[in-house]
Amino acid sequence: MNGEQLRLSLANRLDALGTARQAMLAFLAPAALHPQVVFKLELVLEEVFMNLLWHAFKDSAEHTLELTVELLPDEVALSFEDDGIAFDPTHAAEPPIPASLLDAPIGGRGLMLVRRAARSLRHERREGRNRLRVAVARG
């Protein structure tokens, strides 16, 4: 892809999200991205990372999550790799639309938000690992 990259290996712990966010923002700062693009990237990072923490692992052992942030001419791509339960978010159904705010459950909308923020989503399961790439347009 020929872009600048940031690669991080993170533990599947909540405190690693803050580490990832700060490293991503520092890496992207010289690119002077529009605040809306940065917001979308932070949203994608948080939603995917939290879903991995909550749903990807059946055990309480420490696992390593690989994050790559790639700065390309027309997009920024966040790639996540984990050894968790096989799950392809590109084929997951959208949650039903509640009849009212009172009927709306708390949570369960993160994947929908990621899809709306992304230019593209790509997933593959290879060698027992999930690989998810979420690209956000730069402009």
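Glu127 sits in the loop between strand E4 (120-126) and strand E5 (129-137), where helices (H or I, at least four residues) and strands (E, at least two) are DSSP runs numbered from the N terminus. The model is a predicted one, in which local features need pLDDT of at least 70 and side-chain atom pairs count only at pLDDT 80 or more, while totals for chains, interfaces and linings use all residues. Residues are numbered from 1 along each chain as its sequence is written, and side-chain values use heavy atoms, with hydrogens and water left out.

In the hairpin that E4 and E5 form, with 2 residues between the strands, Glu127 takes a positive phi near 55°, although Glu127 is not a glycine. Most residues other than glycine have a negative phi. Glu127 is also exposed, at 72% relative accessibility; here exposed means over 50% relative accessible area, buried means under 20%, and partly exposed lies in between (1.4 Å probe, protein chains only). A second residue with a positive phi is Ala32, at about 50° and likewise not a glycine. Ala32 belongs to the loop between helix H1 (15-28) and helix H2 (35-55), and is exposed with a relative accessible area of 64%.

Within E5 lies Arg133, which is buried with a relative accessible area of 10%. The side chain of Arg133 makes a polar contact of 3.0 Å with the side chain of Glu75; such a contact is a pair of N or O atoms within 3.5 Å, and within protein one must be able to donate a hydrogen and the other to accept it, while residues adjacent in sequence count only if both atoms are side-chain atoms.

Asp82, in strand E3, is buried at 3% relative accessibility. Although Asp82 and Asn130 are 48 residues apart in sequence, their C-alpha atoms are 5.4 Å apart in space. Leaving aside neighbours within four places in sequence, Asp82 is in contact (heavy atoms within 4.5 Å) with residues including Leu52, Phe57, Gly128 and Asn130. The side chain of Asp82 also reaches the backbone nitrogen of Gly84 at 2.7 Å.

Notes:
Pairing = 2+ DSSP bridges.
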